[in-house]
Protein chains: 6
Amino acid sequence: MIYITRRERFNAAHRLFRADFSDEQNKEVFGKCSNPNWHGHNYELFVTVKGEVNPETGFLTNLKLLSQLIKDRIIEKVDHKNINMEVAFMKDKFASTEVLAMSIWDELETGVQALGASLHCIKLHESENNFVEYFGN
Amino acid sequence: MIYITRRERFNAAHRLFRADFSDEQNKEVFGKCSNPNWHGHNYELFVTVKGEVNPETGFLTNLKLLSQLIKDRIIEKVDHKNINMEVAFMKDKFASTEVLAMSIWDELETGVQALGASLHCIKLHESENNFVEYFGN
Amino acid sequence: MIYITRRERFNAAHRLFRADFSDEQNKEVFGKCSNPNWHGHNYELFVTVKGEVNPETGFLTNLKLLSQLIKDRIIEKVDHKNINMEVAFMKDKFASTEVLAMSIWDELETGVQALGASLHCIKLHESENNFVEYFGN
Amino acid sequence: MIYITRRERFNAAHRLFRADFSDEQNKEVFGKCSNPNWHGHNYELFVTVKGEVNPETGFLTNLKLLSQLIKDRIIEKVDHKNINMEVAFMKDKFASTEVLAMSIWDELETGVQALGASLHCIKLHESENNFVEYFGN
Amino acid sequence: MIYITRRERFNAAHRLFRADFSDEQNKEVFGKCSNPNWHGHNYELFVTVKGEVNPETGFLTNLKLLSQLIKDRIIEKVDHKNINMEVAFMKDKFASTEVLAMSIWDELETGVQALGASLHCIKLHESENNFVEYFGN
Amino acid sequence: MIYITRRERFNAAHRLFRADFSDEQNKEVFGKCSNPNWHGHNYELFVTVKGEVNPETGFLTNLKLLSQLIKDRIIEKVDHKNINMEVAFMKDKFASTEVLAMSIWDELETGVQALGASLHCIKLHESENNFVEYFGN
């Protein structure tokens, strides 16, 4: 079993809030991340897949195809977007890093299998100091 | 003459556009950076000051005071904000990295002098691949 | 289950040695790290906690509170300190990166639980080339 | 149980190809990585070992000895070399990052045991965007 | 006057040597970089251009066009290539980082002018420890 | 004219203080950096030299010799040392990053000339947020 990780990046705006909260309540729970005028990040996404090395090629899966999959299913939909307003797979969800990572897992899982590998981990950096990891459930 | 640089960081939303352009015109000139729903970045700000080393202390200026100056005059005003809508010193300006760097220079210049140093350079990273530098005019 | 990591940093002096060894013996076992006049590092501390995402907020735990916990229980006690001489939770212990990581775990475990999460990993970088990870026992 | 990681680096040339394929077939399967005139990388190698902290020294194993082991068995043999042509432990194997990581594991496993630890993971970065991890079989 | 920098990356093989030297002489002058079987690097290229901010757009030059220029004139020609054998603009030159940086300057200078800016600096990283800068002559 | 930079690293303990000040006065002027029990850093040193490319070799100067010079004259004397107590070229000086950078310049200037180049800049990082640059006087 070998694990391969591909990094991709995107820039997006988001906001943490509940629609049923007042601005004051949102500020109390979500702090400055609840700013109604949005803020944003340079997100770093690390997608780790696992499987056996193919004895015909010496690699687990074609990294170019994995990169293309991540671009098609994720990056094109979130890069230079507003995560709360414009991303179909985040509709009616919290735009937190946690929920974003779990949603990216759901978007990629079958595509990774079609490449002959298994999705192992979604790691999502919101800043150099904060990141989340999700290994499926 | 010695040069000292302090790095500070902030996260913000912005948009590149002209109010007198249609969305199509803005997209043609500014590309995906013109998204009307905003996008954002983890900005890295490097402030370089210069001067003579104080023979009484062995340093040019107290870095803690320089850091506090940058926080008071810049970071508090831009962090987790919308640069187009909420930052007084960017009012009626383009929210480009170039104009943002030049405006940060104007906000910091007198404060750096009050610390006994001269402002030398504002370097502003928008991403790991893009940054601007401004040395005053 | 989701994993969230917060990075904090501190600068400290330390020394690897045994009081019952001569300087020569210490040098033989601990090399230049045994210098009786101390040396130091910029430590990077990564604290990973795990748990379920709160359906009311979309996050596992308030990262601001996690950051404050790490600052209160660890950073304030070790930053700009001598780890061998001044850190109560390292008293009578080796000031190695291994022991420091394990001791940081002990200092943080209950506080993380009070935030509604479980401590998963303490990762401590001593330099860009060396780091340790501890997952509890 | 504690985990310690040592990073070492090397620069090397390589090529992905099958000798029984034509250049066109190799290009189709391996892309630009199949260039018959070679290309190269700055590889970053992270070797993670695990074990119990020695109560006599406060460390798991002497990191200087671990670094020397990696240099003797790996770095000297691959640094500034052509991985396909000049590395004995890669003879008749694909020069992919996956196979290279697995082969490095085989070269280091007994040496790590001789240091009183167990090999846990070989992580090999080919670029800032791609890396593999191998945990043995 | 404002300065903007764009980073691009490429992987390539190269060798330092003189055709009129024996392998022994080449090894004496160029060390392990003279390996006749090649070695390689992940090069990082930073292209800095300067000029006035356009009052109609708020930027110096369209970074997307600058990035495309660098890709067309440099990256396509050097990425996953052998610098000594396959790069037309390096023909009959030493494949040193110094000469490569100077040659990249010559390839980009007119293209940058066509974008309404002036080329200021080519910075080329061969590794995390070594880089060269060229400001024209 | 071409500029080449070599990075080297060292770990050291230091303290900012004046012997003629009380501990309280030192704390007021130098803050937590005045801790009488020392603290320390992973310093990153960037040495930039300049000159003409040698038409016989394609390089400015042999980087291996430059690296060796920095190791002999600087790294061996400061690595794993106490800068205030043990470094001859810092005797009776403030152990500030500014003064350390200027002193490193004095130690390297003639040696760089002997390699056929001119010293251009000493850049010294004390942390990821603070660095100084010195260009001679």
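Let me start at one interface: between chain B and chain E, eight residue pairs are in polar contact, both partners at pLDDT 80 or more. Keep in mind that this is a predicted model. The overall scores are ipTM 0.96 and pTM 0.97. For chain A, the mean pLDDT is 97, and 100% of its residues reach 70 or more.

Back to chains B and E. Which elements of chain B supply at least two residues each to the side that touches chain E? There are helix H1, residues 23-30, helix H4, residues 97-114, and strand S5, residues 130-134. Of these, S5(B) gives the largest share, five residues. If you sort that side of chain B by class, you get nine nonpolar, three polar and four charged residues.

Now the extent of the contact. Chain B contributes 16 residues and chain E contributes 19. As a general remark, interface size is often quoted as the accessible area lost when the parts come together. Here the two chains bury about 1500 Å² between them, and 52% of that lies on carbon and sulfur atoms. On the chain B side, the residues that lose the most area to chain E are Glu98(B), Asn129(B) and Phe131(B). Together those three account for 34% of what that side buries.

Next, the strands. In what sense does S5(B) pair with strand S1 of chain E, parallel or antiparallel? The pairing is antiparallel, over five bridges, with S1(E) covering residues 2-14. To pick out one position, Val132(B) has Ile4(E) as its bridge partner in S1(E).

Then the charged pairs. How many salt bridges are there between chain B and chain E? The count is two. One salt bridge joins Arg7(E) to Glu128(B), with the closest N and O atoms 2.8 Å apart.

Over all chains, the same rule counts 54 salt bridges. Among them is one between Glu56(D) and Arg18(C), at 3.1 Å from N to O. That pair also crosses between chains. Glu56(D) sits in the loop between strand S2 (39-51) and helix H2 (63-78) of chain D. Arg18(C) is in the loop between strand S1 (2-14) and helix H1 (23-30) of chain C.

That is what I have for today.

Technical notes: Residues are numbered from 1 along each chain as its sequence is written. Chains are lettered from A and ligands numbered from 1 in the order in which they are written. This is a predicted model: local features need pLDDT of at least 70, side-chain atom pairs count only at pLDDT 80 or more; totals for chains, interfaces and linings use all residues. Side-chain values use heavy atoms; hydrogens and water are left out. Contact means heavy atoms within 4.5 Å. Buried area is the accessible area (1.4 Å probe) that two parts lose on being put together, summed over both. A salt bridge is a side-chain nitrogen of Lys or Arg within 4 Å of a carboxyl oxygen of Asp or Glu. A polar contact is a pair of N or O atoms within 3.5 Å; within protein, one must be able to donate a hydrogen and the other to accept it, and residues adjacent in sequence count only if both atoms are side-chain atoms. Helices (H or I, at least four residues) and strands (E, at least two) are DSSP runs, numbered from the N terminus. Ala, Val, Leu, Ile, Met, Phe, Trp, Tyr, Cys and Pro count as nonpolar, Asp, Glu, Lys and Arg as charged, and the others, Gly among them, as polar. Two strands pair if DSSP finds at least two bridges between them. pLDDT is the predictor's confidence in each residue, from 0 to 100.
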